[in-house]
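User: I'd like to learn how to read a few features in a model like this one. Could you take me through them one at a time, general idea before the case?

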Amino acid sequence: MSESISSGPTDPGAEIAQKLGTLRAEFEAKLAEARDDAALQRIKSDFFGPKGELTLMSRSVGQLPSEQRPVMGKAINEVKRALESELDRKIQDHEARKRDEELRRSRLDMTLPGRALHAKGAVHPVARVMYEISDIFARMGFSVATGPEVELDFYNFEALNFPPDHPARDMQDTFFVRPPDGRAIKDLVLRTHTSPVQIRAMERQGAPIRIIAPGRVYRCDQDATHSPMFHQIEVLCVDEGVSFAHLKGTLTSFIQSFFGSRGVRFRPSFFPFVEPGAEVDMQCTMCGGEGCRICKQTGWVEILGAGMVHPVLLESCGIDSERYTGFAAGLGLDRIALLRWGLDELAHLYRSDVRFLSQI
Ligand code: DAH
């Protein structure tokens with residue numbers, strides 16, 4: 001090792017070594033005093049910036065005698081690196097302290113529960129009934145079909161065996177729609193039931209077929225138990241060898257899985273699109289058959305209309321009525337929601353009053 005490093009003050013290497021010591025002490029003092037961003041930045045540029053003390057010192061190594069350069073270069077770099085990381089640590093500490101202070105100042109209590117901006121919604125009672133019924137029929141192999149709510153008179157009445165002047169049409173008070181193209185007014189109606197979907201589905205799919213068709217229907221009446229818009233679900237099953245026993249079995253099993261085990265009875269009735277037709281009652285859900293306000297003291301409530309699909313319908317949809325037979329049924333979803341929750345008035349379901357709906 002050259003002896004010049006340790007010799008007198010005129011030795012440039014020794015001068016640098018000494019200066020390095022002084023710089024370091026100066027740096028430590030300034031760093032200890034620095035309290036804010038500005039002071040820290042000033043230290044950064046005073047020591048490490050383009051004109052900073054350590055930068056200039058690194059540069060001056062070039063003027064040293066060549067044998068001193070590597071040693072001094074290394075010494076300066078080591079100091080530089082050590083001081084730089086000290087400064088970085090201090091800057092990081094400073095940032096962290098600033099964040100802490102800010103949090104303290106904003107008094108944010110991370111343990112408070114969040115504020116709910118919107119009340120959480122729920123499935124509407126009628127939709128809920130619809131989903132549950134659809135599930136039951138889906139398990140029995142039925143799929144879901146749909147049809148338009150603005151329907152042709154043909155599908156709503158004529159194809160269902162209501163001839164143009166048939167008195168059966170009086171059973172339904174119909175909203176007629178005047179189309180913009182000025183077609184005869186009676187051609188287009190708001191469907192009065194979901195039965196037209198039977199025809200549309202059979203035309204499309206032929207036999208065998210097993211579908212349910214839930215949806216909105218419209219009639220011109222309104223009182224405590226009638227609304228001009230309500231919901232039905234249609235059931236249709238056509239296959240070889242389908243009999244009234246299948247109708248009874250399927251509908252009884254549906255009623256009992258939806259409402260629980262209870263009596264079910266079939267009464268003869270008339271609908272032009274079935275033969276024979278039936279109305280289906282079940283033992284009252286409110287009184288269990290004792291007699292109450294809901295069942296008008298009879299112990300029974302009517303829950304659906306049903307029957308064996310009229311051969312005329314099958315034939316008009318191109319289905320061979322010698323080979324295929326079927327049953328159909330239609331039920332009112334709103335009525336079922338009333339029974340399910342013991343409601344006295346249909347209008348509750350449509351007032352969108354959350355105080356009522358949230359009880360369900
Ligand atoms: N569409 C009938 C109505 O709205 C209900 C009905 C009765 C549907 C008998 C059917 C059925 O499929 O077979 O009053």
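User: Let's begin with helix 1. How many residues apart are Glu26 and Lys30 in that helix?

Analyst: Bear in mind that this is a predicted model. Glu26 and Lys30 are four residues apart in helix 1 (residues 12-33), about one turn of the helix. Their side chains meet in a salt bridge, at 4.0 Å from N to O.

User: Which side chain besides Glu26 joins Lys30 in a network of salt bridges?

Analyst: Look for a residue that takes part in two pairs. Glu26, Lys30 and Asp46 are linked in a network of salt bridges. The Asp46 and Lys30 side chains meet at 3.8 Å, N to O. Asp46 belongs to helix 2 (residues 37-48) and Lys30 to helix 1, so this pair ties together parts that are 16 residues apart in sequence.

User: How many salt bridges does the count come to?

Analyst: The count comes to 14 salt bridges. One to look at is Glu149 with Arg216, where the closest N and O atoms are 3.4 Å apart. Glu149 sits in the loop between strand 1 (143-144) and strand 2 (150-152), while Arg216 is in strand 4, so the pair ties together parts that are 67 residues apart in sequence. Glu149 is partly exposed, at 27% relative accessible area, and Arg216 is partly exposed too, at 39%.

User: Strand 4 brings us to sheets. How should I read strand pairing?

Analyst: Ask which strands are joined, in what sense, and over how many bridges. Strand 4 (residues 209-218) runs antiparallel to strand 5 (residues 229-240), with 10 bridges joining them.

User: Is strand 5 mostly covered or mostly open?

Analyst: Mostly covered: nine of the 12 residues in strand 5 are buried.

User: Which strands does strand 7 pair with?

Analyst: Strand 6 (residues 264-269) is joined to strand 7 by six bridges, antiparallel. Strand 6 and strand 7 make a hairpin, with four residues between them. Strand 7 also pairs with strand 8 (residues 300-309), again in the antiparallel sense, over eight bridges.

User: Now the rings. How many aromatic pairs does a search of the whole structure find?

Analyst: The search finds 12 aromatic pairs. For each pair, read the distance between centres, then the angle between planes. Phe154 and Tyr155 are 5.1 Å apart centre to centre, with 80° between the planes, an edge-to-face pair. Phe154 is partly exposed at 38% relative accessibility, whereas Tyr155 is buried at 11%.

User: What sits over the ring of Tyr155?

Analyst: The charged end of Arg200, 4.0 Å from the ring centre. For a second case, Arg340 lies over the face of Phe258, at 4.7 Å from the ring centre. Phe258 is part of one aromatic cluster with Phe137, Phe142, Phe254 and Phe259.

User: And the surface? Which residues make the nonpolar patch of about 360 Å²?

Analyst: Leu103, Leu108 and Met110 make that patch. Met110 is in the loop between helix 4 (69-106) and helix 5 (125-139). Met110 has a relative accessible area of 69%, so it counts as exposed.

Conventions: Residues numbered from 1 in each chain as written. Predicted model: local features only at pLDDT ≥ 70, side-chain atom pairs only at ≥ 80, totals over all residues. Heavy atoms only, no water. Patch = residues over 30% accessible without salt bridge, like charges linked within 9 Å, V, L, I, M, F, W, Y side chains within 5 Å. Areas by Shrake-Rupley, 256 points an atom, 1.4 Å probe, with all protein chains shown as cover. Helix = DSSP H or I, 4+ residues; strand = E, 2+ residues; numbered from the N terminus. Buried < 20%, exposed > 50% of the residue type's maximum accessible area, 1.4 Å probe, protein only. Pairing = 2+ DSSP bridges. Phe/Tyr/Trp six-rings, centres within 6.5 Å; stacked < 30°, edge-to-face > 60°. Lys NZ or Arg CZ within 6 Å of the ring centre and 35° of its normal.
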